[in-house]
Amino acid sequence: MAKTHYKLIILGAGPAGLTAGLYAARAKMDHLLIEKGAEGGQILLTDWIDNYPGFPDGISGFDLAEKMLAQANRFELNSLFGNVVSMDLTEPVKRLELEDSDPLTCNTLIICSGAHPRPLGIPGEKELAGKGVSYCATCDAPFYRNMHVAVVGGGNTAVQEAIHLTKFADKVTLIHRRDELRATKILQEKAFANPNIDFIWNSNATKIQGTEGVEELHLKNNDGKESVLKIDGVFVLIGVLPNNEMLPLDILKADAGGFIPTDLETRTVVPGVLAAGDIRSKEVRQVINAAGEGATAVLAAETYLTNLS
Ligand code: NAP
């Protein structure tokens, strides 16, 4: 019969989960890493990562994910593709329900389920998703060779991906709801110096229109003035929402945004349940701190297990 109980289960294989997997496998813990899609999480949506130490020339998100997985596999990472749909965290032995297989149980759980792009929620967005509306410049930029695209957002993702898009599109118009970008100064300077990026400030996207694909982006500025941008694609890069649909949010005392609060050791309010990476309630969402939290969580899980026995 297949094994159904583990001392440690790690949910999600982004940078936090893969690092937790590396630490657990290397420590020879009785562990299982569960992932429902491709290993790597959101770094697979990132063209280039310049601020992960150890790669002086930077590294693509895809390559970094591959290297993280290979490193964990070197220590015999035990992993499974599966979709956890719900869980019971009320007993010392935690129980995870999976979509297509038997439930699994564990003594400690590290939640690394990450986050996903936030939608704008405006007319035309859903209808034209995949037909000119995109949430991933890394995935879709090559479709816009010699075209004009809009990027909505003013954070690191929007600015970094606007710069990436200029490798393909003739013109990139970045639309931000304020008159100042949230992105770090170094990215701002790069974007301002790029002749193929222009900026529309103090404006919100209100509607996306087109028949076969995106043709128009409707805007309203903060004075109420409306305008229409003729455009071939719209990249919506306005932050992230938590991947928390499988989590008991009341028991984990999720914050107002649905992210999971922890202490500095990544311990949630439920004994034996840790949270690491973008699902954690926090200000800074970087690959490096996701990885760090994955390591911290395994060490906290080991301490919890030692105190159990
Ligand atoms: P973010 O930092 O939360 O920025 C979201 C941006 O979208 C903000 O400029 C925000 O405007 C805007 N926005 C939010 N909701 C909006 C709406 N409904 N309509 C229009 N605009 C809206 O998100 P992010 O850029 O995706 O970054 C997520 C995390 O990953 C951050 O911690 C970021 O630092 C990190 N990250 C780091 C790097 C890097 O270090 N190179 C690269 C990518 C991401 P306001 O500014 O007005 O709030």
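**View 1. Two domains set apart.** The centres of domain 1 and domain 2, taken over C-alpha atoms, lie 32 Å apart. This is a predicted model, in which local features need pLDDT of at least 70 and side-chain atom pairs count only at pLDDT 80 or more, while totals for chains, interfaces and linings use all residues. Residues are numbered from 1 along each chain as its sequence is written, and side-chain values use heavy atoms, with hydrogens and water left out. Domain 1 takes in 5-117 + 240-308, and domain 2 covers 133-236; these bounds come from an automatic or database domain assignment. Where they meet, eight residues of domain 1 are in contact with 10 residues of domain 2 (contact means heavy atoms within 4.5 Å).

**View 2. Helices α1 and α6 packed together.** Here α1 and α6 pack at an angle of about 35°, and their axes are 7 Å apart. Axes are lines fitted to C-alpha atoms, for helices over the stretch in contact, and angles run from 0 to 180 degrees between N-to-C directions. Helices (H or I, at least four residues) and strands (E, at least two) are DSSP runs, numbered from the N terminus. On the α1 side, look for Pro 15, Ala 16, Thr 19, Ala 20, Tyr 23 and Ala 24; they meet Val 287, Ala 290, Ala 291, Gly 294, Ala 295 and Val 298 of α6. By class, this contact has 10 nonpolar, two polar and no charged residues. Ala, Val, Leu, Ile, Met, Phe, Trp, Tyr, Cys and Pro count as nonpolar, Asp, Glu, Lys and Arg as charged, and the others, Gly among them, as polar.

**View 3. The second largest pocket.** This pocket holds about 280 Å³ of space. Its lining has 15 residues, and Thr 19, Leu 22, Tyr 52, Gln 71 and Ala 291 lie nearest the centre. Helices α1 (15-26), α2 (61-74) and α6 (287-308) each supply at least two lining residues, with the largest share, five residues, coming from α2. The lining divides into 11 nonpolar, three polar and one charged. On a 1 Å grid over the protein atoms alone, a pocket is an open set of points with protein on both sides within 12 Å along at least five of seven lines, a cavity is a set where a 1.4 Å probe fits but cannot get out, and lining residues have an atom within 4 Å of a point. Grid points are joined across faces, edges and corners, and a volume is the space filled by probe spheres set on the points.

**View 4. The largest cavity.** The structure holds one cavity of 30 Å³ or more, and the largest cavity has a volume of about 40 Å³. Ala 13, Leu 33, Glu 35, Glu 39, Ser 79, Leu 80 and Phe 81 line it. Strand β5 gives the most to this lining, with three residues.
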